[in-house]
Amino acid sequence: MSTEGTNEIQDPRGEFQQERYEKQQQKAPGLQSGMKPVPDSGEQSYHGCNRLRGRKALVTGGDSGIGRAAAIAYAREGADVALNYLPEEQSDAEEVAELIRKEGRKAVLLPGDLSDEVFCKKLVRDALEKLGGLDIMALVAGKQVAVEDIRDITTEQLTKTFEVNVFSLFWIAKEALPHLKPGTSIITCSSIQAYQPGKNLVDYASTKAAIIAFSRSLAKQVAPKGIRVNVVAPGPIWTALQVTGGQLQKDLPEFGRKTPLKRAGQPVELSGLYVFLASQESSFITAEVFGVTGGMHLA
Ligand code: NAD
Ligand code: MG
């Protein structure tokens, strides 16, 4: 896997892992550190240049995968970062915190379960208090469990998936909005699954479509306050989500190979977009959805 700087010109087909992935399984939520190969969230490969100097960011799912890539990039661009994740992911989160502190930025660790409304409210209050405000909310956390037959989706799984992926956005936004100032950027995380849903992800794909409607509606509601809301919709990205039940085991070796670039993406390939949407460079962009799909494109 390439660990070269992302600023060097490279063939996008030849960057990162191109071979088939090994079958592997962890219990959800899993650890990035236990994956083979370990995903690239920009630990060595993302270089910042102060595009977010002095900002304060909350990143959910900030321990691993795409959220980790956003958290590392934000710190390298000069932001202080509060990370949310599940308690089982403490070791991944501590790795990210160390990288943030190495940049001379503040890292605040706020573990807890986003399917709990009371916790979501506390998360916002703690982030506001410990960072001294919030300018960026990258709400990246998500739950994905592949099930071949809709009759096997338990009500427990259905409820949890909606709570984590959709309800937590309402709870966090409701608590945060009275405190957010003009210039704040909220970034939610949908998926290619909202546009081209796979047959094994009926519940997950439904949540990812809901996230788009939520984000666009909220964007219109808060535009008069100078707050922007945008959506990132990734295609197949090599993360812990995929080895903890997000894909069926049998599908893992082929993961990402159907994209026109014929490989899965790495989390660091979303870093630039997360920075752009958080920064002033995207000041006229709100209520939009951005695909990062290796060419699968949104409908
Ligand atoms: P990941 O497993 O590295 O990150 C998901 C994170 O969600 C976990 O680290 C965990 O901290 C968090 N999470 C899950 N349940 C939670 C709960 N109950 N409370 C608090 N946090 C919880 O995987 P990822 O792929 O980086 O996922 C990030 C986002 O990207 C998700 O919203 C996912 O739906 C989305 N996404 C991923 C892909 C992909 O191919 N990896 C594609 C499209 C969308
Ligand atoms: Mg994780």
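Modeller: T259 is buried, with a relative accessible area of 2%, where buried means under 20% relative accessible area with a 1.4 Å probe and protein chains only. This is a predicted model, in which local features need pLDDT of at least 70, side-chain atom pairs count only at pLDDT 80 or more, and totals for chains, interfaces and linings use all residues. Residues are numbered from 1 along each chain as its sequence is written, ligands are numbered from 1 in the order in which they are written, and side-chain values use heavy atoms, with hydrogens and water left out.

Biologist: What is T259 in contact with, leaving aside its neighbours within four places in sequence?

Modeller: T259 is in contact with P236, T293, G294 and M296, contact meaning heavy atoms within 4.5 Å. A polar atom of the T259 side chain also lies 3.1 Å from the backbone oxygen of R263.

Biologist: Switching to the metal, which residues coordinate the magnesium ion (ligand 2)?

Modeller: D63 (OD), S64 (OG) and E89 (OE) coordinate the magnesium ion at 2.1 to 2.2 Å; donors are N, O and S atoms within 2.8 Å of the metal (3.2 Å for Na, K and Ca), and water is not among the atoms, so sites may look incomplete.

Biologist: And are D63 and E89 buried or exposed?

Modeller: Both D63 and E89 are buried.

Biologist: Now ligand 1: how much of it does the protein bury?

Modeller: A backbone N or O atom of V140 lies 2.7 Å from an oxygen atom of ligand 1. Taken alone, ligand 1 exposes 810 Å², and the protein buries 96% of that, with areas from the Shrake-Rupley method and a 1.4 Å probe.

Technical notes: Buried < 20%, exposed > 50% of the residue type's maximum accessible area, 1.4 Å probe, protein only. Polar contact = N/O pair within 3.5 Å; in protein donor to acceptor, adjacent residues only side chain to side chain.
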